[in-house]
Amino acid sequence: MTDRISKLTAAGVAVWLDDLSRVRLSSGGLDQLRREKHVVGVTTNPTIFAKALAAADEYDWQLRDLATRGVEVEESVRMLTTYDVRWACDVMRPSYDASHGVDGRVSIEVDPRLAHETDKTVAEAKALWWLVDRPNLFIKIPATEAGLPAITATLAEGISVNVTLIFGLDRYSQVMEAFLAGLEQARANGHDLSKIGSVASFFVSRVDSEVDKRLEKIGSDEAKALRGKAAVANAQLAYERYSEVFSSDRWQSLADAGAHPQRPLWASTSTKNPDYRDVIYVEELIAPGTVNTMPESVIHAYADHGETPGDTVTGAYDAARKVFTDLEAVGVDMSDVIAVLEREGVEKFEASWLELLDGVRKSLAAAGRGTGRPGQAAQGNAQAAQQAGGNA
């Protein structure tokens, strides 16, 4: 393989797709990306599902069944989303097997309204794990203060976790501590550590969006010269912390028991500012043992013109620290930036979840009246159910 994405993969970056829909599954589009674009994982979130369910009639047959059974809205959402994720897990299973459980993972997020409730988050994580019932599943838990002990407790049950909505370095260190504690408890509970996976989703482009807004407001030449630099610097310094933690004696003890490291996953990698290169958050974050989850548009952009010069992270730590020093000098409070982004991140996913609930509520009502969209033919429904390994 000599294409651009295979070079990225060879540099140690696992390429995952940041999207999922039943159209993508039923059309074979996801499997095509796996086979042709070296996509070895999938991430989802409430925004992705809200968009998917609002835009396709492939869900109509299942909505009719759920309406006939009188299933409540929130449970219907679980049935609809876990169906897609289960199907996606089956599509990605070859990547999971080929990587001995490292890649081929598909993520589903706990109800974001539980972001500040530890026990409910753990209970929801268990429920989603049971419902999907696939070894290559990741349960996404936000890195809020209440999420940290939930991460540890969920891992301790032998459940694989994608920690999401990480923006700051200190919180990332807490996430890695929660991961190590979770694996230590899992080992004490008798779980096979080689079967437990985890990634830490460190958000990238949103940092530039918030910092650039503040730099524009400051308005000085020194401030404007720093635009588009904070996000990459932040992620590079996160990788430095990752390297330190996963070279420690504490980690080596877990690795000797079969554990896989919790890889940094670069999330929010589409470029929000059209003045920036459309693959900047891929090219400037190339390092061994990382994941980059991308919208399909970014995958195709990188396949077309992405450059892989080698590791662009580990030699950049001093330059990254200087970016932070310069930001402070012009008046950007990064601790406040991180606090705002975490709060807004949870709020945005909560809003998308409510949008999803509202859309399903209306669809169930329409299906119950027999006025829903035509949907798939019965034969197509049966084939889809067989592929997904489950039913409504």
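1. Buried here means under 20% relative accessible area, with a 1.4 Å probe and protein chains only. Strand 4 is thus described as mostly covered, with 6 of its 6 residues buried. Strands (E, at least two residues) and helices (H or I, at least four) are DSSP runs, numbered from the N terminus.

2. The model is predicted: local features need pLDDT of at least 70, side-chain atom pairs count only at pLDDT 80 or more, and totals for chains, interfaces and linings use all residues. Residues are numbered from 1 along each chain as its sequence is written, and side-chain values use heavy atoms, with hydrogens and water left out.

3. On one side, strand 4 runs parallel to strand 3 (105-109), to which 4 bridges join it; two strands pair if DSSP finds at least two bridges between them. Within this pairing, E109 has K140 of strand 4 as its bridge partner. Helix 7 (residues 118-132) carries the chain from strand 3 to strand 4 in a right-handed β-α-β crossover. Right-handed means that, with the strands pointing away from the viewer, the path from the first strand over the helix to the second runs clockwise.

4. Strand 4 is also joined to strand 5 by 4 bridges, and these two strands run parallel. I141 stands opposite V163 of strand 5. The chain passes from strand 4 through helix 8 (residues 147-156) to strand 5, again as a right-handed β-α-β crossover.

5. Strand 5 (residues 161-166) pairs in turn with strand 6, in the parallel sense and over 4 bridges; F202 in strand 6 is the bridge partner of I166. Strand 5, helix 9 (residues 169-188) and strand 6 form a right-handed β-α-β unit. Strand 6 is joined by 5 bridges to strand 7 (residues 263-267), and the two run parallel. In that pairing S201 has L265 of strand 7 as its bridge partner.

6. Strand 6 (residues 198-203) is mostly covered, with 6 of its 6 residues buried. S198, A200 and F202 point one way from the strand, while V199, S201 and F203 point the other way.

7. Which residues touch the most other members of the largest nonpolar core? Of its 129 residues, they are L30, V85, I139, V211, L327, M334 and V360. Such a core is a set of buried Ala, Val, Leu, Ile, Met, Phe, Trp, Tyr and Cys residues joined through side-chain atoms within 4.5 Å. Leaving aside residues up to four places away in sequence, I139 touches I108, V110, A125, L128, W129, I159, S160, V161 and N162, where contact means heavy atoms within 4.5 Å.

8. The largest pocket has a volume of about 600 Å³. Of the 31 residues that line this pocket, D18, N45, T47, I48 and P295 are the closest to its centre. Helix 4 (46-54), strand 5, strand 6 and strand 7 are among the elements that give two or more residues to the lining, and helix 4 gives the largest share, 4 residues. A pocket is an open set of points on a 1 Å grid over the protein atoms alone, with protein on both sides within 12 Å along at least five of seven lines; lining residues have an atom within 4 Å of a point.

Methods
Buried < 20%, exposed > 50% of the residue type's maximum accessible area, 1.4 Å probe, protein only. 1 Å grid on protein atoms, 1.4 Å probe; cavity = no way out; pocket = protein on both sides within 12 Å on 5 of 7 lines; lining within 4 Å. Points joined across faces, edges and corners; volume = space filled by probe spheres on them.
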